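Work through the exercises below with the sequence and the model open. Each task is followed by a solution in steps.

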Amino acid sequence: MGLTRQATGFFTLQENFLPAGSNGYVVALAGNPNAGKSTIFNALTGLKQHTGNWPGKTVLQARGKFTHQGHSFTLVDLPGTYSLLASSVEEQVARDFICFGRPDVTVVVVDATCLERHLNLVLQVTEVTSKVVVCLNLMDEARRKKIVIDVSILASELGLPVVPTAARRGEGLTRLKDVITAVATGALQPTPNPIVYDDDIEAAVGRMAKALEPILRGRLNARWVALRLLEGDDSIIDAIKNFLDTELKSPGIKLQLKEVLT
Ligand SMILES: Nc1nc2c(ncn2[C@@H]2O[C@H](COP(=O)(O)OP(=O)(O)OP(=O)(O)O)[C@@H](O)[C@H]2O)c(=O)[nH]1
Ligand SMILES: [Mg+2]
């Protein structure tokens, strides 16, 4: 019967973002609502994705292209999301793309005027992928509010490149493209500082991840999946079934999970 629609779920997801003939690197733009993702998207691609002052307006991901230093990029503007826990449609769209769309680079746009709140998503994304660039946007607002951020300390604490921008004025966007290019080509390899949990959680996650590795076969970060399962986020089981056509409900995995939890 050949490949079924279901069996090609992963490719279907890619097709949604990348129509036939697309080439080059894929860059995801993630971030909390109102961080300035669509403003950056429009500035980089020349398209006119709606921007405004209310949260959650980008519900579906928009796609556009740009070239830089001789490389082609497809930029995907994701809906605003506070977390990757997929508790709303927007969060699920963003999570699914970051996890299963396999972007070459994920840019997390954060608001420099309320950095602490926005860094939560940065940390969550680094649990899925290390190919992350932090875009520290709204720097003009931060300056106006006399907020001073030591960008190099922030970068070394996170283990990630951090690019300050004021996207509405076009500030910092060339450097943002330089850094995206460096990460996409592998010239720059971010090494995010891992989040370390309590010993008992780490032990459970370690065992669970080991059981998941042969099933996921490098298509998704096993540690991240283990954390979601231990947290009781069952939506990841369905997403893995959909996009990777892989069953996590097998008796083997259920048993593993039960063993780890007891
Ligand atoms: N002052 C200032 N305003 C900005 C900057 N970047 C974006 N904005 C403004 O912030 C508001 C939100 O920007 P958007 O680009 O729509 O934000 P978003 O992250 O796409 O929002 P969602 O789609 O809801 O997730 C708009 O009014 C932008 O003009 C910036 O660097 N400085
Ligand atoms: Mg938007």
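**Exercise 1. In what order do the six strands of the open sheet stand, and which strands are at the edges?**

Step 1. The six strands make an open sheet with the order 2-3-1-4-5-6, and its pairing is mixed. Strands (E, at least two residues) and helices (H or I, at least four) are DSSP runs, numbered from the N terminus; two strands pair if DSSP finds at least two bridges between them.

Step 2. Strand 2 and strand 6 (162–164) are at the edges with a single partner strand each, so one side of each has no neighbour in the sheet.

Step 3. On average, neighbouring strands of this sheet are turned by 25° against each other, direction ignored. Axes here are lines fitted to C-alpha atoms, for helices over the stretch in contact, and angles run from 0 to 180 degrees between N-to-C directions.

Before going on, note that this is a predicted model, in which local features need pLDDT of at least 70 and side-chain atom pairs count only at pLDDT 80 or more, while totals for chains, interfaces and linings use all residues. Residues are numbered from 1 along each chain as its sequence is written, and chains are lettered from A and ligands numbered from 1 in the order in which they are written.

**Exercise 2. Where is Leu85, and which residues does Leu85 touch?**

Step 1. Leu85 lies in the loop between strand 3 and helix 3.

Step 2. Leaving out residues up to four places away in sequence, Leu85 touches Glu91 and Asp233; contact requires C-beta atoms, placed from the backbone, within 7 Å.

Step 3. Leu85 and Asp233 are 148 residues apart along the chain, and their C-alpha atoms are separated by 7.5 Å.

Step 4. Leu85 has 16 other C-beta atoms within 10 Å and is therefore partly exposed (buried: 20 or more other C-beta atoms within 10 Å; exposed: 12 or fewer; partly exposed: in between; C-beta atoms placed from the backbone).

Methods. Contact = placed C-beta atoms within 7 Å.
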